[in-house]
Structures are given as structure tokens and as C-alpha cells.
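Student: I would like to learn how to read strand pairing in a structure. Could you take me through one case?

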Amino acid sequence: MAARSTYARVYVDDLDTALPTFEALTATRPGLRFSYRDLELASISDYLLVSGTTEALAPYRDVQAIVIVDSLDDVFAIVEREGGDTLDGPNVVPTGRNLTIRHPGGAIIEYVEFDSAKVQAQSAR
């Protein structure tokens with residue numbers, strides 16, 4: 001299993017209001033912007049900005065990071081072997097598939113396996 005990149009998850013009140021500051025801080029534009037369930041998300045540099053109502057955000061607040069991986073199946077096998085718990089997924093999401101895990105020791109991480117065609121479609125938006 002290879003981890004390709006990691007995003008810090010940042011919860012914001014309004015995506016359109018938050019993005020200009022992150023664009024200035026990172027000197028980049030959002031790479032992806034999409035909706036998932038009742039959330040609006042945008043990736044910019046090493047951040048994933050997440051916006052939604054208090055109720056919509058509640059199930060996601062404990063997630064500490066997002067890791068992009070080559071294979072969710074490999075992640076699942078490792079975590080199962082090591083004694084972690086699957087909290088959500090695997091799910092089909094706008095960028096591929098995801099899985100949220102509570103690791104032994106308590107860290108909660110979302111893993112995403114990108115589907116390049118879906119990512120390209122989201123990037124074109």
C-alpha cells in the first residue's frame with residue numbers, strides 16, 4: 001500500500017468566503033471542488049476545506065486527516081490485522097472510494113482511493 005498524499009481537514013463556515021485566504025496562503029487554486037452528502041468540499045494545496053451545517057459536519061468532526069492511497073483493500077487488510085475499527089465505508093464518493101478507520105490508539109483517518117476519471121471530472125469544474 002502506498003500513501004500518495006495527506007490532506008489536513010479544515011472545517012469552514014462558508015467555502016466561498018474561506019477559499020480566497022487559502023489561495024493567498026498557498027499561492028494555488030483549488031484542485032478539486034465537489035459536493036458530498038450535505039457538504040461542500042475543496043482541496044487546495046495540502047488542505048481539504050469542508051463546509052456544511054453543524055448537523056451535516058457532526059459525523060466528520062473527529063476525522064484528523066485524509067490520506068490518498070493506492071488501494072483501500074490494502075488499508076482495510078492492514079487495519080483489520082492491527083486491530084483497528086472501520087467507522088464508515090468503503091463508500092463510493094465523487095473522487096473514487098473512501099474508508100474511515102479508527103486506528104489502534106485512537107487516531108481517526110479517512111482513506112481515499114482516487115478514481116482518476118472521477119478526479120479529472122471534478123478538476124474540470
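**Reading a sheet**

Tutor: In this predicted model, β7 and β8 form a hairpin with five residues between them, and Gly105 in the turn has a positive phi of about 100°. Helices (H or I, at least four residues) and strands (E, at least two) are DSSP runs numbered from the N terminus, and two strands pair if DSSP finds at least two bridges between them. Residues are numbered from 1 along each chain as its sequence is written. Local features need pLDDT of at least 70, side-chain atom pairs count only at pLDDT 80 or more, totals for chains, interfaces and linings use all residues, and side-chain values use heavy atoms, with hydrogens and water left out.

Student: How many bridges join β7 to β8, and in which sense do the strands run?

Tutor: Seven bridges join them, and they run antiparallel; Thr100 stands opposite Glu110 in β8. By contrast, β5 and β8 run parallel and are joined by four bridges, with Val67 opposite Tyr111 in β8.

Student: What is the order of the strands in the sheet?

Tutor: The open sheet has eight strands in the order β2-β3-β4-β1-β5-β8-β7-β6, with mixed pairing. Its edge strands, β2 (32-36) and β6 (85-93), each pair on one side only.

Student: Is β8 mostly covered or uncovered, and what does "buried" stand for?

Tutor: Buried means under 20% relative accessible area, exposed over 50%, and partly exposed in between (1.4 Å probe, protein chains only); on that scale five of the seven residues of β8 are buried, and the strand is mostly covered.
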